[in-house]
Amino acid sequence: SSDNIGKNIKKFRKKLKLSQDQLARKANVPYNTFIKVESGYTINPSIQTLINIAEALNVTVDGLIN
């Protein structure tokens with residue numbers, strides 16, 4: 001679920017000690033978009049957004065979803 005994706009993003013982000021702003025920049029995703037994805041507000045983030053975030057976190061997209 002989108003809620004799960006957000007929780008996973010947050011978990012990996014904390015592990016890397018990155019702020020939301022830092023990760024959004026690193027992933028080249030607009031800050032507002034990033035906040036909505038991490039909070040679970042965005043139900044279906046685009047696959048490109050997920051790929052960018054996953055790459056910035058050094059994890060697979062599967063790692064974010066599962």
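This is a predicted model: local features need pLDDT of at least 70, side-chain atom pairs count only at pLDDT 80 or more; totals for chains, interfaces and linings use all residues.

Student: How far apart are the mean positions of the positive and negative charges?

Tutor: They are 7 Å apart. The chain has 10 positive and 5 negative charges.

Student: OK, the fold. How many helices and strands are there?

Tutor: There are 5 helices and 0 strands. Along the sequence the pattern reads α-α-α-α-α.

Student: What is the radius of gyration, and what would a compact globule have?

Tutor: The chain has 10 Å. A compact globule of 66 residues would be near 11 Å, so the two agree. The C-alpha trace spans about 25 × 20 × 20 Å along its principal axes.

Student: What share of the residues is buried?

Tutor: Of the 66 residues, 39% count as buried. The accessible surface comes to about 4100 Å², and carbon and sulfur atoms hold 51% of that.

Student: And contacts by sequence separation: what percentage join residues at least 24 apart?

Tutor: That's 58%, taken among contacts between residues at least 6 apart in sequence.

Student: Switching to H2. Which of its residues are buried?

Tutor: Leu23, Ala24 and Ala27 are buried in helix H2, which covers residues 20-27. Seen down the axis, the buried residues of H2 fall within an arc of 100°, so they line one face of the helix.

Student: What covers them?

Tutor: The cover includes helix H1 (2-15), H3 and helix H4 (47-57).

Student: What comes just after H2?

Tutor: Asn28 sits there, with a positive phi of about 60°.

Student: Now H3. Where is Tyr31, and what does it touch?

Tutor: Tyr31 belongs to helix H3, residues 31-39. Setting aside neighbours within four places in sequence, Tyr31 contacts Gln20, Asp21 and Ala24.

Student: Why does Tyr31 count as partly exposed?

Tutor: Because its relative accessibility is 39%. Partly exposed lies between the cut-offs, with buried under 20% and exposed over 50%.

Student: And Glu38, buried or exposed?

Tutor: Glu38 is buried, because its relative accessible area is 8%. Glu38 also lies in H3.

Student: Which residues does Glu38 touch?

Tutor: Leaving out residues up to four places away in sequence, Glu38 touches Gly6, Lys7, Ile9, Lys10, Arg13 and Gln20.

Technical notes:
Residues are numbered from 1 along each chain as its sequence is written. Side-chain values use heavy atoms; hydrogens and water are left out. Helices (H or I, at least four residues) and strands (E, at least two) are DSSP runs, numbered from the N terminus. Buried means under 20% relative accessible area, exposed over 50%, partly exposed in between (1.4 Å probe, protein chains only). Contact means heavy atoms within 4.5 Å. The arc is that of the directions from the helix axis to the C-beta atoms. The radius of gyration is taken over C-alpha atoms; the globule rule is 2.2 Å times the number of residues to the power 0.38. Accessible areas come from the Shrake-Rupley method with a 1.4 Å probe; for residues, only the protein chains shown count as cover. Lys and Arg count as positive and Asp and Glu as negative; His and the chain ends are not counted. The place of a charge is taken as NZ of Lys, CZ of Arg, CG of Asp or CD of Glu.
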